[in-house]
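Morning, everyone. Please look at the screen while I talk.

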Amino acid sequence: MGDKEIGSFPATPRTGSAAPTPPISAPPSQLHSPSLTRSPLLSTDDHIQPASKTPKSSTPRIRTPRFITPLGSPIRRALKLTRLDPHDAWLPITESRNGNAYYAAFHTLCSGIGIQALVLPVAFTFLGWSWGIITLTVAFIWQLYTLYLLVHLHESPETGMRYSRYLQLCNATFGEKLAKWFALFPILYLSAGTCITLIIIGAQSCRLFFNTVCGGTCSAQPPTNAEWYLIFTSAAVLLSQLPNLNSIAGVSLVGAITAIAYCTLIWVISVVEGRMPGVSYNPVKGRTEVIRIFDILNALGIIAFAFRGHNLILEIQATMPSDEKHPSRVPMWKGVKIAYTLVAMCLFPLAIAGYWAYGQMIPVDGGMLTALFAFHGQDTSQFLLGLTSLCVIISSLSSFQIYGMPAFDDMESLYVKKKKEPSPWWLRLIFRALFGYLCFFAAVAIPFLASFAGLIGGITLPVTLAYPCFMWVKVKKPKVYGPNWWLNWSLGLFGMALSGLLIVASTFLIIDNGVEFSFFNP
């Protein structure tokens, strides 16, 4: 991908007998590109050339086409022309640009709340009450600030360019070589790796739901763990046939509702049932001072891992129309504020209530969900336990769609760029089934992936907390040594340093504590 784009209305294709298409000029204000059809505006042979400064006497006046909105500001900027990307009208992320603030809130909320939030109390067991709450609050404010930066970096009013994918913005800012070295792997993990984790968690929740509903009353033989993985993956692949990012807005809404539901059910049930006997709130201390420091760093990685979805913000914003008077950043930021208000209402009660109820007894694997079934499986309504499991399943299926969309987009772009035509429906089906079942294979091969929350948080932390700060400095060019310049450089460098420390600490603890690597044994 990596090409920059400027949105516009798609034009009606011309017949072969028509005269050659003249050069097209596009002002930077024209960022509105709903792409209502699957026909690109330009063929690959079309070029957009800057208008030459020719005296009025020698050139007749050219009327502005109706689809180009004139600049409304009193000071008309010199037109900076760019080439339109003819492929984006055919790709899943940018195929439809009729999104709005509500769609943005649905997608952001569905991608922002996940099962990783249920292990937040585990971080508190190493940090304690005070530092746990302080760290969680600082991390929430920091990631909300970087979200703000990304929303405002999506489009450039000066050039008219829209960066519809996180990697596109990285390429434009750092260069393709540096972007591949530092951003490609974390972004790929946040897409494919998250889908693998969702298969693992979703399949485990399917098993819990079956055992809760049937219990000892069912005579049917329950599926094996691998079969549960296959059942969940098949449902996810079936749902993934929806064509583009805008078309799954309803799926994201359902996913957001069920995510809020299971988060609320888990912490409310834990509080109602009361604290466990003998609960302790003293921070866990390692055998040596070095291990204790690494435990604290690993806890920070768990908190960082709880905030995800930054790699999808530009993609979500790309589904919106935009022009100079109504830039997409306004409804997008409105949707983000709504979504993250609800995210805070889920994450903070989960962390605080979970640590209050279980203290040091909170299970490392599965966190609050495992604790709910382990400690209250017998004295809690089976209906509530079954409902909680069902909400986790539905939320995981919904999140799979939005986290898989960048991968679908990349696969289809290979065909589109080579054939210069949209992917046929049967090829789209093959691409998405291939991705889904490759994730299934990986989930069966490494079912312990969800245990590496701290390490994964360290690897993906720069995408969330560091890179947006560097990109802001490079693109917006704030005054050197000014407050904004110092703020973003400080946050970016601190984020990169913290990421390195988290990776080292988490790797050390995995080796020191030992992890059961049960390959191909889900």
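In which helix is the place of W425? W425 sits in helix α13, residues 425-445. A word on naming: helices (H or I, at least four residues) and strands (E, at least two) are DSSP runs, numbered from the N terminus.

Now the ground rules. This is a predicted model, where local features need pLDDT of at least 70, side-chain atom pairs count only at pLDDT 80 or more, and totals for chains, interfaces and linings use all residues. Residues are numbered from 1 along each chain as its sequence is written, and side-chain values use heavy atoms, with hydrogens and water left out.

Back to W425. Is W425 buried or exposed? W425 counts as exposed because its relative accessibility is 68%. The cut-offs: buried is under 20% relative accessible area, exposed is over 50%, and partly exposed is in between, with a 1.4 Å probe and protein chains only.

Next, charges. Side chains of opposite charge can pair when their charged atoms come close. Our rule for a salt bridge: a side-chain nitrogen of Lys or Arg within 4 Å of a carboxyl oxygen of Asp or Glu. How many salt bridges does the rule count? The count is 5.

Take R428 and E412. They form a salt bridge, with the closest N and O atoms 3.0 Å apart. R428 lies in helix α13 and E412 in helix α12, residues 382-419, so the pair ties together parts 16 residues apart in sequence. R428 is buried at 8% relative accessible area, and E412 is buried at 0%.

E412 has a salt bridge with R432 too, at 3.2 Å between the closest N and O atoms. That pair links helix α13 to helix α12, 20 residues apart. Both R432 and E412 are buried. Shared partners join E95, E412, R428 and R432 into one network of salt bridges.

Elsewhere, R162 pairs with E155, the closest N and O atoms being 3.9 Å apart. R162 is buried at 0% relative accessibility, and E155 is buried at 3%.

Now, empty space. Rolling a probe the size of a water molecule over the atoms shows where empty space is left. On a 1 Å grid over the protein atoms alone, a cavity is a set of points where a 1.4 Å probe fits but cannot get out; lining residues have an atom within 4 Å of a point. The whole structure has 6 cavities of 30 Å³ or more. Which helix gives the largest share of its lining? Helix α5, residues 184-214, with 5 residues. Lining residues include Y189, L190, F305 and R308.

Last stop, F452. F452 is in the loop between α13 and α14, residues 453-476 for the latter. F452 is buried, at 12% relative accessible area. F452 and I302 are 150 residues apart in sequence, and 9.0 Å apart in space, C-alpha to C-alpha.

Methods. On a 1 Å grid over the protein atoms alone, a cavity is a set of points where a 1.4 Å probe fits but cannot get out, and a pocket is an open set with protein on both sides within 12 Å along at least five of seven lines; lining residues have an atom within 4 Å of a point. Grid points are joined across faces, edges and corners, and a volume is the space filled by probe spheres set on the points.
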